[in-house]
Amino acid sequence: MLKTLSLTFFRNFENRVFEFQGGLNIIIGKNGSGKTNLLESIAYLSFPRSFRGVLDSDLVMWGEDFFRIEGLYQDDVEHMIKCFYSSNDRVKKIHVNEKKVDRLSKLFFLFPTLVSTDRDQDIVDGPPEKRRSLFDKLISLVDMHYYRTLIDYRKAIENKNVLLKEKRLEEVKYWNREIEKLSTYIITKRTEFLKEITMTFDLKSGVLLNGKKADIRYFKKIDIEEGILDSKLEEELEFGFSIYGPHRDRFEFYIEGRPAKAAASEAEKRMMLLSLYFAFMERFEKDKDKKPVLILDEPLSILDDERIEALLGQLESQVFITTPRWGLQYEANLIEL
């Protein structure tokens, strides 16, 4: 759990300290009070980049030239995470327990968070890379080797693309062998992951979708076997880059057997994604004996009372929820902005 958070010149917070509890933390405030900004700062400690997709320079309070976020995270032991950014020289510094972090991905594994916002609809509706990125993140959190394999795969694809443009075919074939080997592992782990969470996803989505049947399907661009990429070489030469492999595979959400892009409401799309998160959290707990922190930006505004009750009944980890008002009879730590 995240125990305390200190913000300096972050968004609209000049100098503010927050204390949190395990379980439900409710952040209450009018529009423009900084509710989402607070969530953004919490998530930054896990993945030091804005989940709104803006630059670090946009996170600095107007008129200032830096921001600082400090969070005390309780795991088996306590960790003090410090993030500092200077807009003067565009330097970002991350420290954990006063030691400089050389790879930002370390935070991702130290303090795992899952974020749900009103942009969830874009994950369901948007381009395939958004869903691939989400599933790659989830699988990486439970399988460090998968994360490293993804890095090696992306480097191999970059090398291959350079060689395709230069038409150095023998060298392309060398990288095809490497890509086929890495692809086999990635596809296997993606397939296994979906199988592992399917039962829980079915249960959670059934509750959150009022009995409607939702499912997630994985579509491979091509079945990987030795030599298959060489057989596609002429086609890839025409494009000038690699068009076959797991980087072109798709994950898709379905509801009642129909693509969720067209058949699901905005609320249903968000509930499907939350069902995925809840299923993943149970999978994560089996390996790590803990659950990621859940960050929910105004999930209640699009739900009726029955769906709100269903959602709150699924919350078992430390959770942060923003809302303009709170009148429900649930034990929670209330934070007013």
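Guide: Start with Glu 268. It is buried, with a relative accessible area of 15%. Keep in mind that this is a predicted model.

Visitor: Why does 15% make Glu 268 buried?

Guide: Buried means under 20% relative accessible area. Glu 268 has 15%, so Glu 268 counts as buried.

Visitor: What is the general idea behind charged pairs?

Guide: Side chains of opposite charge can pair when their charged atoms come close.

Visitor: Which side chain meets Glu 268 in a salt bridge?

Guide: That of Lys 212, at 2.7 Å, N to O. The pair links distant parts of the chain, 56 residues apart. Glu 268 lies in helix H9, and Lys 212 lies in the loop between H6 and strand E9. Lys 212 is partly exposed, with a relative accessible area of 34%.

Visitor: How many salt bridges does the structure hold?

Guide: It holds 35. Take another one: Asp 136 and Arg 190 meet at 3.2 Å, N to O. Asp 136 sits in helix H4, residues 128-142, and Arg 190 in helix H6, residues 169-208. The two are 54 residues apart.

Visitor: Are Asp 136 and Arg 190 buried or exposed?

Guide: Both are buried.

Visitor: Which side chain pairs with Lys 291 in a salt bridge?

Guide: That of Glu 285, at 3.8 Å, N to O. Lys 291 is buried, at 18% relative accessible area. Glu 285 is partly exposed, at 34%.

Visitor: Which residues do salt bridges with shared partners join into one network?

Guide: Arg 131, Arg 250, Glu 252 and Lys 261.

Technical notes
Residues are numbered from 1 along each chain as its sequence is written. This is a predicted model: local features need pLDDT of at least 70, side-chain atom pairs count only at pLDDT 80 or more; totals for chains, interfaces and linings use all residues. Side-chain values use heavy atoms; hydrogens and water are left out. A salt bridge is a side-chain nitrogen of Lys or Arg within 4 Å of a carboxyl oxygen of Asp or Glu. Helices (H or I, at least four residues) and strands (E, at least two) are DSSP runs, numbered from the N terminus. Buried means under 20% relative accessible area, exposed over 50%, partly exposed in between (1.4 Å probe, protein chains only).
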